[in-house]
Amino acid sequence: MLGRRELLYLSLLLAGRPAILRAASPGMTNRTKPYLPTLESLNTHTLPTWVDDAKFGIFIHWGLYSVPAFAPFGPNPNPSAPDMMRANPYSEWYENSLQFEGSDTAIFHRKHYGDAPYSAFRKPFETAAATFPVHDWADVLRASGARYATLVTKHHDGYLLCPSKHRNPHRTGWQSRTDIVGRVAKAVRAAGLRFGAYYSGGLDWTFNPARIDNGAAMIRAMPHDDIYDRYCFNHYSELIARYRPDYLWNDIGYPATGSMLQLFADYYNANPDGVVNDRWLSARDLVSGSPEDQLARLKSLMNYLKQHRLPPPGH
């Protein structure tokens with residue numbers, strides 16, 4: 001399992017700075033000294049025993065994209081194609097896929113929803129969320145043998161699955177009235193599982209609605225100004241304070257290194273038995289410097305992923 005060591009290394013690799021690595025050993029964290037927002041301090045965090053023991057977990061993707069619940073079947077897109085995202089086989093990318101005129105998603109949408117915007121899915125989703133059978137979910141998760149469950153709290157469409165005092169500045173009311181995150185966290189823990197929180201820090205189409213055609217466009221689409229940096233930090237701080245997740249699962253990247261390290265320190269101080277994943281690429285570092293510098297960092301990233309990630313399964 002990839003963890004804190006690799007993500008810290010990769011963050012520095014993309015920033016063009018050398019990394020100081022420290023091997024993580026499984027075990028319960030027993031620490032009185034607070035973590036600081038520095039690599040030296042964060043690298044003293046050891047891998048919690050529960051992570052090493054939990055060999056099976058389940059990811060829960062449930063959001064506005066679950067209303068149409070559509071994505072084209074077929075092989076994974078050719079990563080070298082300039083429009084590889086046109087036939088994206090993941091329904092949570094529905095809003096982006098919809099922007100490709102004549103795509104399978106656009107054809108499906110026109111047939112079933114006419115000219116309705118993606119935001120029209122909010123009302124039926126919120127109706128379902130008000131009474132969704134969370135305890136039935138928890139029973140299924142427990143029966144599967146899973147040891148932890150990770151819920152998507154905000155995917156790339158920016159819709160938040162819990163009420164927040166940090167409102168979306170671009171789409172009014174772009175959050176669930178029902179505290180879905182809280183209900184799921186309580187139910188899965190009552191069923192004996194650990195709870196993880198996914199959050200898309202790298203992409204938010206409410207901050208940058210530009211269509212993403214391919215991998216390079218995805219990197220360029222990563223918002224990283226001060227407003228978005230603070231927005232993500234505040235949301236994560238709420239998730240940590242309210243739900244004390246055992247696992248922070250960030251996606252794609254994060255706006256800036258400084259706030260990311262502060263977030264890790266805050267998280268480990270609040271939950272020393274927690275763990276983070278390896279998708280925290282610093283958007284500012286990634287897109288800074290000359291085109292040659294950016295290309296070198298992107299190549300380093302691709303080499304890293306090739307060495308550490310299995311290819312996705314066919315669909």
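Colleague: Where is Asn271 placed?

Modeller: Asn271 lies in the loop between α11 (257-270) and β6. Helices (H or I, at least four residues) and strands (E, at least two) are DSSP runs, numbered from the N terminus. This is a predicted model, in which local features need pLDDT of at least 70 and side-chain atom pairs pLDDT 80 or more, while totals for chains, interfaces and linings use all residues. Residues are numbered from 1 along each chain as its sequence is written, and side-chain values use heavy atoms, with hydrogens and water left out.

Colleague: Why is Asn271 called buried?

Modeller: Its relative accessible area is 4%. Buried means under 20%, exposed over 50%, and partly exposed in between (1.4 Å probe, protein chains only). Asn271 therefore counts as buried.

Colleague: What does the side chain of Asn271 reach?

Modeller: The side chain of Asn271 reaches the backbone oxygen of Pro245, at 3.0 Å.

Colleague: Why is strand β4 described as largely enclosed by the rest of the structure?

Modeller: In β4 (residues 247-251), 5 of the 5 residues are buried, so the strand is largely enclosed. Both faces of β4 are covered. Tyr247, Trp249 and Asp251 are buried on one side, and Leu248 and Asn250 are buried on the other.

Colleague: What makes β3 and β4 a pair?

Modeller: Two strands pair if DSSP finds at least two bridges between them. Strand β3 (residues 194-200) is joined to β4 by 5 bridges, so the two qualify. They run parallel, and Tyr199 stands opposite Asn250 in β4.

Colleague: Over how many bridges do β4 and β6 pair?

Modeller: β4 and strand β6 (residues 275-276) pair over 2 bridges, in the parallel sense. With at least two required, the pair therefore counts.

Colleague: Which strands are joined to β2?

Modeller: Strand β1 (residues 57-60) pairs with β2 in the parallel sense over 4 bridges. In that pair, Ile60 stands opposite Leu151 in β2. From β2 to β3 there are 6 bridges, and these strands run parallel. Tyr148 stands opposite Arg194 in β3, and the bridge partner of Thr150 in β3 is Gly196.

Colleague: How many residues of β2 and of β3 are buried?

Modeller: Strand β2 (residues 148-154) is mostly covered, with 7 of its 7 residues buried. In β3 the count is 6 of the 7, so β3 is largely enclosed by the rest of the structure.

Colleague: Why does the length of α10 agree with what it should span?

Modeller: The expected span of a helix is 1.5 Å times one less than its number of residues. Helix α10 (residues 226-243) has 18 residues and should therefore span 26 Å. Its end C-alpha atoms are 26 Å apart, which agrees.

Colleague: Which residues of α10 are buried, and what follows the helix?

Modeller: The buried residues of α10 include Tyr228, Tyr231, Phe233, His235, Leu239 and Tyr243. Asp229 and Glu238 are also among them. Just after α10, Arg244 takes a positive phi of about 45°.

Terms used
Polar contact = N/O pair within 3.5 Å; in protein donor to acceptor, adjacent residues only side chain to side chain.
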